[in-house]
Amino acid sequence: MPATSSRRADESRRFRTLQRRLAPLFRRIMPDARAHRSVVVIPSLSVDAEVLRTVGGAQHYEERMLCMLMLLRLPNTHVTFVTSTPVAPAVVDYYLHLLPGIPSRHARRRLTLLSAHDASPRALTEKILERPRLVERIRQSMPDARSAHLACYNVTAGERRLALALDVPLYGCDPDLLDLGGKIGSREVFRDAGVLLPEGVEHVRTPRDVARALAGLRRRHPGLRRAVVKLDQGFSGEGNAVFAFEGCPGGPGLLPWIIRELPRRLRFEARGLSWEGYMAKLRAMGGVVECFSEGANKRSPSVQLRIDPRGAIELISSHDQVLGGPTGQIFLGSTFPADAAYRLDIQAAALRVARVLRRRGVIGRLGVDFVSVPGSSGWQHFAIEVNLRKGGTTHTFMMLQFLTDGAYDTASGLFRTPAGLPRFYYASDNLQKPAYRRFTPDDLIDLAVENGLHFDGATQQGVAFHLIGAISEFGKLGMVCVGDSPEAARALYQRTVEVLDREAAAV
């Protein structure tokens, strides 16, 4: 066996042994809010580096997991939060002051902030592993490593190596199972779960593979207008590209026409990707070609779930995703919950998917994305992707949960406060305007206070910001706007944007 393969096999074996500590740990501490525990948060976006570079302000996306500082409301919980570059003190203060019922001084004593001081466009985990002394500082930050676990945005071989270096189990999917969350593996899981999925072709790697798949789909569906090509390990829609059949011939001339037109017609969702670069990635990781779902009233809902180390499946939330990009495939934000017309239907489908994943050994948070199209007999839901990681709706829902101390009601698909009142939100990760670069994080927080753009614990409504550190460099920020109706949440979002636009214009 080659040395590299032998080393990976050894890592896999040692990691599986380490992970056996998770189930007894969770049985001991999860039922007791006062239990002593340590959570090491590694918010690394460990995805394809070139695709990651197309995401504006990607490094600041590490700040989305600052929602996990809300764990400090548990009085004996210690959080270690590691970032590529230091988080601005104003941003940390903002989150600590959101904590309900806990003095910020008490919470700060139980918080350790560490940084790699490395702004290069690479995954944070890679930067940590390059710095043995930083690894040691993380280890020393935990009051009791026996009650500790790692929480990561997503889990790759890098996160596995870090868990082994720290000797701390990781609450997430074993990297050996990550293919189940690729575009190819997702389709196999959907078939196993018996849920509807778009017609498509898997394991394409070359331009000729893509062309043959496109021709086959068009022949089987003569009215097909577009098809989508997806990199197997694409991220947030950035690995997708769309091909339009407009003007294509029929009969034997179809395949030669597609081969000729493919480099010119394939439209990439990610900015800056070239034909040559995209095809190199396709050869390296493979991909799928699927029918593109059309329709003026098409929706893109998702369901979030968790498989805990004991094997229990928990429905966490449903959302309607707000998508953008050239063909509407890039995640921009979300509304919670998903439409009442279908939220229970997609919950049921997602549960079937989660049961298949549990049977195959998956633990941790996951999401199931759908494309939903209305028809004469109701909505049709096509499962299109499994995300074996935290996602774009994880941090927004966690903020709602921690700020209100409420709970998700799976019977209705609504979130209710302790008083039984429903709460809704409109959230965005991509509010971006050049004029916002005039603001520093301190400015944004001042404006929020001056204009009443904060979360009100009495009414359990209001605004919570995230991605605050990206505002000066990229003019970009995110927010969660919580209201007592979908209309109130959207109105609060629009009012917040109006205030920011007015203040930016006045600077």
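Two strands count as paired if DSSP finds at least two bridges between them. With that in hand, let's explore this predicted model.

**Exercise 1.** Work out how strand β2 and β3 pair, and where β3 sits in its sheet.

*Solution.* 
- Step 1: Strand β2 covers residues 77-83, and it pairs with β3 in the parallel sense over 5 bridges.
- Step 2: Two bridges are enough for a pair, so these strands qualify.
- Step 3: Look for T83, which stands opposite S115 in β3.
- Step 4: Zoom out to the open sheet of 4 strands, whose order is β3-β2-β1-β4 with parallel pairing. Its edge strands, each pairing on one side only, are β3 (111-115) and β4 (148-152).

**Exercise 2.** Find which parts of the chain the salt bridge between R64 and D429 ties together, and decide whether each partner is buried or exposed.

*Solution.* 
- Step 1: The closest N and O atoms of R64 and D429 are 2.7 Å apart, and the cut-off for a salt bridge is 4 Å.
- Step 2: R64 is in the loop between α3 (49-53) and β2, while D429 is in strand β17 (residues 422-432), so the pair joins parts 365 residues apart in sequence.
- Step 3: Buried means under 20% relative accessible area. R64 has 6% and is buried; D429, at 1%, is buried too.

How values were computed. Residues are numbered from 1 along each chain as its sequence is written. This is a predicted model: local features need pLDDT of at least 70, side-chain atom pairs count only at pLDDT 80 or more; totals for chains, interfaces and linings use all residues. Side-chain values use heavy atoms; hydrogens and water are left out. Helices (H or I, at least four residues) and strands (E, at least two) are DSSP runs, numbered from the N terminus. A salt bridge is a side-chain nitrogen of Lys or Arg within 4 Å of a carboxyl oxygen of Asp or Glu. Buried means under 20% relative accessible area, exposed over 50%, partly exposed in between (1.4 Å probe, protein chains only).
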